[in-house]
Amino acid sequence: MDTNELSFWTEISGRGISKAIENLSRFCGREVSVRSFGLRRAEMSEIPDIMGGPAVEAVGIYITISGPAHGHIMLLYDPAMAFGFADLLLGMPPGTTRTLGDMERSALGELGNIMGSSFLNVLADSTGLRLLPSPPIILSDMAGALLDVVAADLLLVQDHAFVAQTAFSAADREVSGAFLVIPRQDLLEVLLQHRAAA
Amino acid sequence: MKLATTVQAEPILVGLGELRTATTPEGVLISVGLGSCVALCLHDPWKHIAGMAHMVLPVSGEGRRIGLESKFVDRAVPLLLAEMERLGAGRGRMVAKLTGGAQMINGLGAMGQQHIGERNADAARAALLDLGLEVQSEDTGGRSGRTARFYAGTGKLVISLIGGDTYEL
């Protein structure tokens, strides 16, 4: 990937994530803001370090991207943050959620739907490509074990990934998390081919 | 008089798709956060040589490109055995243990890869059999991630889960 291609992917990912956060704010009825956004090339073995290492306990909301090309979206939180998000989404006072039952999982799944479809809509608007999100899957385990799901797919064809990583938060409570977009190489190639289509 | 002391060495991290060996009795190999990946542990109890491979995918032929060979079970198992034999381990004394291979998500995995954890464990057993070895003990499958610590001095494999559950093979 050359500098122009990298800047295109950075720009389109940034816009996708901004749109996802904007729609999340609307859904929650309160301001959610992006605290940081970064994109980098990482070896697959480095990706668990994003959460503080592969042994760290994490909750993941996992979505696959399919259609003309493939990729992965993973929203990762430490469990306390995931509980905080469930409280926010269910309109409960902070500290209410202590485990992830059906209701809380469903709320987090809805969060994944909003974030995933918002992001992919921006990609579609910029390229004309119809990329489809899968229904979200809620996972809870060691970060390394969660990311094996992504690694098992990507490592079939590549040893590295371009990871778009975002931290965000709501004004009145701690709900920061990482929004990872990990494209397969074919997704990057197809997006670059179609960037003039919009 | 010289007192014998056992010094716990810094664990040697075996990352995604890597294989590592430990050649002293104090050596510890560790794979952290195994999900659908499997860790194969080989041990020569006479020489106190231990080896661990942290493998991600069952068969190398399924990919368009290979890249890091040791991420594939069918490549990593013979590579690990060869490396241990080069270090002086004897195949006839080798003890094999296997862990990992969980099913982290239901049914079809990412991009339609079915039961990747189970396939990884099956591939590891098959690759060992091809080399004349059998898995002596294993803890595979289930739906939980694992951290595996393998001790070169004793051949003990200690497995930890989220929440603090720990047991040994």
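Chain A holds five helices and seven strands; both are DSSP runs numbered from the N terminus, helices being H or I with at least four residues and strands E with at least two. The model is predicted, so local features need pLDDT of at least 70 and side-chain atom pairs pLDDT 80 or more, while totals for chains, interfaces and linings use all residues. Residues count from 1 along each chain as its sequence is written, and chains are lettered from A and ligands numbered from 1 in the order written.

Read from the N terminus, the elements of chain A run α-β-β-β-α-α-β-β-α-β-β-α. Its C-alpha trace spans about 45 × 35 × 25 Å along the principal axes. The radius of gyration of chain A is 16 Å, which agrees with the value near 16 Å for a compact globule of 198 residues. That radius is taken over C-alpha atoms, and the globule rule is 2.2 Å times the number of residues to the power 0.38. Of the 198 residues in chain A, 47% are buried, meaning that 20 or more other C-beta atoms, placed from the backbone, lie within 10 Å of the residue's own. Among contacts in chain A with a separation of 6 or more, 72% link residues 24 or more positions apart. A contact requires C-beta atoms, placed from the backbone, within 7 Å.

Now turn to chain B. Five of its strands form an open, mixed sheet in the order β2-β5-β4-β6-β7. Pairing takes at least two DSSP bridges between two strands. β2 (19-22) and β7 (135-140) of chain B stand at the edges with a single partner strand each, so one side of each lacks a neighbour in the sheet. Neighbouring strands are turned by 15 degrees against each other on average, direction ignored.

Helix α1(B) (residues 73-86) lies across β2, β4 (38-44) and β5 of chain B, at about 165 degrees to β5(B). Axes are lines fitted to C-alpha atoms, for helices over the stretch in contact, and angles run from 0 to 180 degrees between N-to-C directions. Helix α2(B) (residues 116-130) also packs on the sheet. This helix touches β4, β5, β6 (95-100) and β7 of chain B, and makes about 30 degrees with β4(B).

The two chains meet where 30 residues of chain B are in contact with 29 of chain A. On the chain B side, strand β3(B) (residues 28-34) gives the largest share, three residues. That side divides into 14 nonpolar, 12 polar and four charged residues. Nonpolar means Ala, Val, Leu, Ile, Met, Phe, Trp, Tyr, Cys and Pro; charged means Asp, Glu, Lys and Arg; the others, Gly among them, are polar.

Note on methods:
A residue is buried if 20 or more other C-beta atoms lie within 10 Å of its own, exposed if 12 or fewer, and partly exposed in between; C-beta atoms are placed from the backbone.
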